[in-house]
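The sequence and structure are shown first.

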Amino acid sequence: MIRIGDLAAASEHIVLTDAAAPGISGRVDIRIAGSVIADVSPAGAAAPPADATIVPLDGRVVAPAFVEPHLHLDKALLGTPLGGGDLGAAIAYTAERKRGFTSADVRARAERVLAAALRAGTTAIRAQTEVDPTVGLLSIQVMRELAERHRSWLDLQIAVFPQEGIRARAGTLPLMREALALPGTIVGGCPYTEADAVDARAHVDQVLDLAVEFGTFADLHLDLADDTSDQRFALAGYVARATRERGLEDRVAIGHVTTLAAMHPSERGRVLDELARAGVSVVVLPATDLYLMGRSDAANVRRGIAPVSDLWAHGVRTALSSNNLRNAFTPTGRADPLDIALLAGRVGFASSREDFLRLHRAVTTDAAAVVGSERARGLAAGAPADLVVFDSTDPDTVVLDQPTRLLVLAGGRPVYSARLEESFHEVPLPG
Ligand SMILES: [Zn+2]
């Protein structure tokens with residue numbers, strides 16, 4: 001049994017004993033000192049510090065906490081227009097809803113998502129947050145408040161996201177610059193909303209130039225298309241070259257990139273090699289792409305998911321994320337990265353134990369690498385003690401089992417326990 005009573009007043013030294021962990025054979029003890037993992041040793045090999053709070057796990061699984069490298073908190077839970085619709089309809093519906101945004105409204109919806117994320121075991125989020133003349137910096141300011149309010153358990157990075165374009169929506173660029181001057185922000189992009197291929201490429205250049213100027217990461221919503229016939233799309237190779245030209249290796253992510261699914265395998269192979277060489281990460285967002293792609297197909301509907309196993313085969317850093325939750329872009333979602341990992345496995349022909357372990361890494365350590373977090377080091381001495389204990393004893397099948405999250409630690413502190421049915425924090429849990 002997890003001694004929950006001890007945890008509320010846990011000492012600086014927590015030791016998770018007799019744990020199973022993905023990628024580690026045999027059971028281990030995980031000793032935490034302050035906010036980091038002090039060491040991971042074979043179970044019973046070393047006596048815990050005298051003042052330690054011992055959490056005996058009886059073989060249950062411990063894994064790194066989840067990271068969502070691509071999540072829209074500002075437009076989450078807006079609902080879906082009657083009859084649904086394609087990408088254009090989703091952008092138009094959301095643009096209209098944005099006119100009514102208030103700080104209180106954005107905050108309330110975002111906090112409902114954060115409560116669900118905490119229960120799922122997520123302790124780091126890159127929040128894609130819209131900036132344009134309609135909403136101004138309202139949502140950015142709310143995200144900054146939330147980052148401060150929840151910093152004890154959440155590492156919230158804010159991507160300044162021009163959903164309606166930079167060149168297509170005059171007045172957006174000065175707002176982006178204003179937002180990028182604020183701490184905790186990185187530059188986002190959305191070249192597919194521009195009018196033509198020339199503007200789309202100029203958008204990519206502008207975003208990467210801002211990343212250089214402000215010394216931040218860049219994260220582009222690159223394309224959401226069924227094929228490569230429109231030259232605004234299929235810019236992945238262009239992004240790779242532009243990244244290397246600017247020395248931004250390992251600092252650029254591209255999301256969706258559904259055109260990768262449409263390319264001939266030989267062309268795709270060349271593009272994936274370029275992405276790998278440039279250290280450009282791909283964030284696959286299957287819940288959205290399955291919903292928005294293939295809308296013109298009456299039979300054999302295209303699925304439009306960037307091919308995860310090909311990305312792995314070419315050495316491209318690959319993560320999965322929820323993207324949108326219960327809005328016009330994605331009517332589904334529980335802010336649970338394990339749900340997304342299983343979905344990606346189902347549509348991507350995952351079959352082996354190694355496939356499912358890699359999918360688990362795509363929502364933990366690989367996702368951490370995308371956002372530049374130390375959590376990418378996983379269960380290693382010196383890595384942040386952001387951990388999840390699962391009600392399961394097989395560390396290879398967490399994605400398949402979708403087990404209950406028994407305990408979540410952030411920065412070495414217990415922040416959520418399923419046994420207590422309450423959070424240690426003031427995050428309001430959904431009713
Ligand atoms: Zn997105």
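Predicted model: local features only at pLDDT ≥ 70, side-chain atom pairs only at ≥ 80, totals over all residues.

The protein donor atoms are NE2 of His70, His72 and His221 together with OD1 of Asn323, at 2.0 to 2.2 Å from the zinc ion. The angles among these four donor atoms run from 83 to 173 degrees, and the site is irregular. For four tetrahedral donors, the ideal angle at a metal is 109.5 degrees.

## Contact of H5 with H6

Helix H5 (residues 172-180) packs against helix H6 (residues 197-214) at an angle of about 30 degrees, and their axes are 11 Å apart. Because angles under 35 degrees count as roughly parallel, H5 and H6 are assigned to that class. Their crossing is right-handed.

From H5, Leu173, Met176, Arg177 and Leu180 meet Gln206, Leu210, Glu213 and Phe214 of H6. Five of the residues in this contact are nonpolar, one is polar and two are charged.

## Contact of H7 with H9

Helix H7 (residues 236-245) and helix H9 (residues 265-278) cross at roughly 25 degrees, with axes that come within 9 Å. H7 is therefore roughly parallel to H9. The crossing of H7 and H9 is left-handed.

On the H7 side, Ala236, Gly237, Ala240, Arg241, Thr243 and Arg244 take part, meeting Val271, Glu274, Leu275, Arg277 and Ala278 in H9. The contact comprises five nonpolar, two polar and four charged residues.

Terms used: Residues numbered from 1 in each chain as written. Heavy atoms only, no water. Axes fitted to C-alpha atoms, helices over the stretch in contact; angles between N-to-C directions. Helix = DSSP H or I, 4+ residues; strand = E, 2+ residues; numbered from the N terminus. Parallel < 35°, antiparallel > 145°, perpendicular 65-115°, else oblique. Left-handed = near helix turned anticlockwise from the far one by under 90°. Contact = heavy atoms within 4.5 Å. Nonpolar A, V, L, I, M, F, W, Y, C, P; charged D, E, K, R; others polar. Donors = N, O, S within 2.8 Å, 3.2 Å for Na, K, Ca; no water. Tetrahedral: all angles 85-135°; square planar, octahedral: opposite > 155°, others 65-115°.
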